[in-house]
Amino acid sequence: MIDNHKTAPIFITGTWRCGSTLISRMLNNHVDLDVSYDTNHFMRFSFNRYNPINNIKNATMLVRDTRDRIMKRYGFKLDLDHILNDLGGRVITYALIYDAIMRNYYLLRSHKKIWGEKTNLAWTKIPSFLEMFPHGRVIHIIRDPRAVLLSWKKFTHAPGNDYLDSILNCYDSMQKAQEYIKCYPDKRYVLIRYEDLVTEPVKTLKNICNKFE
């Protein structure tokens, strides 16, 4: 069972420089939770790009491309055969492949029970993630756009005034957050502010844990 209320995965997203790395590193200290750090990015690079995914050739291509990308960028090695064997005998879906990759690499190394993934600029994929994992949990983090703009300007290598796009990203992320609050009033979606995370970290983390119980 790839998705139940006790071991359902967690997805973390927001704009660049919004605090998504901070919250993912905090949560990664939990004894049962392993949150990946900017490696797989399944919802950005794999989801809906290998259709029809129930075709074993397409599924194999997805896993192979993921393995090659992660190896090239980070030097991490995924066991292609192990992951593909895990898919055998079942109807192949994106959720099945996503879970197999995360379990066979991250959880296998850490010996933890729950995987999570932080992927920036993927708030529009939140509905798809929750559709794939009905018991899945999402943390959507936002930050004052002025602070994001200043931080991103110092951080990015983008030419000219391209850093100004961060304002539009913030606006879209906040707009979607208002929609998701209404669409997911249950315990699957939580919106947090970077400012609350740094000024009241314990309270913010407790609120997240209480929300996901």
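**Strands and helices in a predicted model**

Author: In this predicted model, strand β3 (residues 114–118) and β2 run parallel, joined by five bridges. Within that pairing, tyrosine 37 has lysine 118 of β3 as its bridge partner.

Reader: What makes β2 and β3 count as paired strands?

Author: Pairing takes at least two bridges. β2 and β3 are joined by five bridges, so they pair under that cut-off.

Reader: Nice. In which order do the five strands of the open sheet come?

Author: The order is β2-β3-β1-β4-β5, with parallel pairing. From one strand to the next, the twist averages 20°.

Reader: Why are β2 and β5 called edge strands?

Author: β2 (33–37) and β5 (189–193) each pair on one side only.

Reader: And which helices pack on the sheet or lie across it?

Author: Helix α1 (residues 20–27) lies across β1, β2, β3, β4 and β5, at about 150° to β2. Helix α10 (residues 201–212) touches β1, β4 and β5, and its direction makes about 170° with that of β5.

Reader: Why are α3 and α4 called roughly antiparallel?

Author: Helix α3 (residues 56–74) and helix α4 (residues 80–87) pack at an angle of about 150°, and their axes are 10 Å apart. Angles over 145 degrees count as roughly antiparallel, and α3 and α4 are therefore described that way. Their crossing is right-handed.

Reader: Which residues make the contact?

Author: Thr60, Val63, Arg64 and Arg67 come from α3, while Leu80, Ile83 and Leu84 come from α4. They divide into four nonpolar, one polar and two charged residues.

Terms used:
Residues numbered from 1 in each chain as written. Predicted model: local features only at pLDDT ≥ 70, side-chain atom pairs only at ≥ 80, totals over all residues. Heavy atoms only, no water. Axes fitted to C-alpha atoms, helices over the stretch in contact; angles between N-to-C directions. Helix = DSSP H or I, 4+ residues; strand = E, 2+ residues; numbered from the N terminus. Parallel < 35°, antiparallel > 145°, perpendicular 65-115°, else oblique. Left-handed = near helix turned anticlockwise from the far one by under 90°. Contact = heavy atoms within 4.5 Å. Nonpolar A, V, L, I, M, F, W, Y, C, P; charged D, E, K, R; others polar.
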